[in-house]
Amino acid sequence: MAHSEKEQAGDGVANQQPAGVEDQDAASGADRAANTHATQDADTKDGEVLALEDVARLEEEVASLKDQLLRAVAETENVRSRARREREDGIKYAGVPLIKDLLSVADNLERAMSSVPLESLEGDEALKNLVTGVEMTARELQTVFERHKIEVIDPVGHSFDPHSHEALFEVPDPSQAPGKVVQVVQVGYRLHDRLLRPARVGISKAVDAGTAPSQTEDVPAPGSKIDTQA
């Protein structure tokens, strides 16, 4: 019995630890807990920073993709508009080659009518009927031109326009301001807003003081039309 009590007393003594050791263990545990919390806080902050960076990167990618989409939509619309204009122009000006060939027909009809003197028509019924038929054909051709939006450019009395007229010569004419069209050698034509052929014209020029205007043999009289083909 005595031996058991001694053993229990020895065990009690063995299980007892110094107070300083317990305090050290408690401090170590607190430090470990503080370090753990600090590590967790650092990880949380790092995670928040990474999350913010990911959000910023995603927003930048979204903005870039949006910009690319808008550019693609604008380019598609431009291509569609260009294709529509080309299709409309193709329909509007499809007959240009044929019309240009018909312009020489109109010129020849005009020359045929101008080549017959009026006095020759009197007493010659056949010639008169022929000229009448040519005039009717020329008027019908001009009617067809007007129906298809083909405009005649006959600019006598108008100011010279380099976009619609081709100046062949100048005529001294004190009655006209310089740069006025005083003669049309060959009428021009325009289809809608496209020039098919410029009007070939003679324009007035300023006359020097004390110099009378002279008309040479090479310059036709103002207001007349001449034949441009032999």
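Which strands and which helix do the buried residues of α3 pack against? They pack against α5 (125-147), β1 (150-153), β3 (181-186), β4 (188-191) and β5 (194-197), where contact means heavy atoms within 4.5 Å.

## About the model

This is a predicted model, in which local features need pLDDT of at least 70 and side-chain atom pairs count only at pLDDT 80 or more, while totals for chains, interfaces and linings use all residues. Residues are numbered from 1 along each chain as its sequence is written, and side-chain values use heavy atoms, with hydrogens and water left out.

Helices (H or I, at least four residues) and strands (E, at least two) are DSSP runs, numbered from the N terminus.

## Helix α3

Let's start with the helix itself. α3 covers residues 96-114, 19 residues in total, and reaches 27 Å from its first C-alpha to its last, close to the expected 27 Å. That expected span is 1.5 Å times one less than the number of residues.

Its buried residues are Val96, Ile99, Leu103, Ala106, Asp107, Leu109 and Arg111. Buried means under 20% relative accessible area, exposed over 50%, and partly exposed in between, with a 1.4 Å probe and protein chains only. An α-helix has 3.6 residues a turn, so residues three or four places apart point the same way.

## Strand β4 and its neighbours

β4 is covered on both faces: Gly188 and Arg190 are buried on one side, Tyr189 and Leu191 on the other. Strands pair if DSSP finds at least two bridges between them. β4 runs antiparallel to β1, with four bridges, and Val152 has Tyr189 as its bridge partner. On β5, also antiparallel to β4 and joined by three bridges, Arg197 is the partner of Tyr189.

β4 and β5 make a hairpin with two residues between them, and His192 in the turn has a positive phi of about 55°.

## Strand β6

Five of the seven residues of β6 (199-205) are buried. β2 (165-172) runs parallel to β6 over seven bridges, with Val171 opposite Ser204. β3 pairs with β6 in the antiparallel sense over four bridges, and there Val181 partners Ile203.

## Rings

Rings of Phe, Tyr and Trp (its six-membered ring) pair if their centres lie within 6.5 Å; planes under 30 degrees apart count as stacked, over 60 as edge-to-face and the rest as tilted. The count comes to one aromatic pair: Phe145 and Tyr189, edge-to-face, 5.6 Å centre to centre with 80° between the planes. Phe145 is in helix α5 and Tyr189 in strand β4, 44 residues apart. Phe145 counts as buried because its relative accessibility is 1%.
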